[in-house]
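Morning, everyone. One model today, and I'll start with what sits inside. Have a look at it first.

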Amino acid sequence: KQSKRRRKVRARLAKAHAKIHNCRQTYLHQQSSALVKKYDLIAFEDLNIKGMSQGRLSKHIYDAAWGELLGQIVYKAENAGKHAIAVNPHGTSQICSGCKKLVPKTLSARQHDCPHCGLSLPRDVNSAREILDRARAIIHGAVVSPGRHNVAQRRKRAVGNLVLNES
């Protein structure tokens, strides 16, 4: 275990891992900078990444570095005086972004077709619109300073604004 050859192999392996880490960090910094430069408001779901990484998709979640990307977006938005807001993810794929009514669907359903207002969109586009609407409600519903927001306050405001929008 303490041989010279083993130390050389460990050093090469560590160098390869460091290179992958640096490439990933560079990519994440480039993407987060581009998003913050392009948009004044970035809305995302406040997902439990640690909890999600316990299951089958853990390797893919860690490989994509979701938490790192979101952290970089939040701090860069804070420094740029822009908004990066996490919203409550509950029901974002089930609520119609047009009429705000619940339209239940299975995970395999990739198209959102609302029987109430007739809106027909890909499921992911409908969810993205709902997330953006919730973030706008947080901003317009309360005085919110740009940048990092307290997660508990975000959740309270998001839930409170959803209740107001639904009634």
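The largest nonpolar core has eight residues: Val36, Ile42, Phe44, Ile73, Val74, Ala77, Ala84 and Ala86. By nonpolar core I mean buried Ala, Val, Leu, Ile, Met, Phe, Trp, Tyr and Cys residues joined through side-chain atoms within 4.5 Å. Buried is under 20% relative accessible area, exposed over 50%, partly exposed in between, with a 1.4 Å probe and protein chains only. Strand S1 (41–45), helix H4 (66–80) and strand S2 (83–87) each give two or more residues to this core. H4 gives the most, three. Helices (H or I, at least four residues) and strands (E, at least two) are DSSP runs, numbered from the N terminus. A second, separate core has six residues, including Val87, Ile131, Ile138 and Ile139.

Ground rules. This is a predicted model: local features need pLDDT of at least 70, side-chain atom pairs count only at pLDDT 80 or more, and totals for chains, interfaces and linings use all residues. Numbering runs from 1 along each chain as its sequence is written, and side-chain values use heavy atoms, leaving out hydrogens and water.

Back to H4. Which of its residues are buried? Gln72, Ile73, Val74, Lys76 and Ala77. Their cover includes H1, S1 and S2. Just after H4, Gly81 takes a positive phi of about 75°.

Now confidence. pLDDT is the predictor's confidence in each residue, 0 to 100. The protein chain averages 83, and 84% of residues score at least 70. Over residues 143–167, pLDDT is below 50.

Methods:
Contact means heavy atoms within 4.5 Å.
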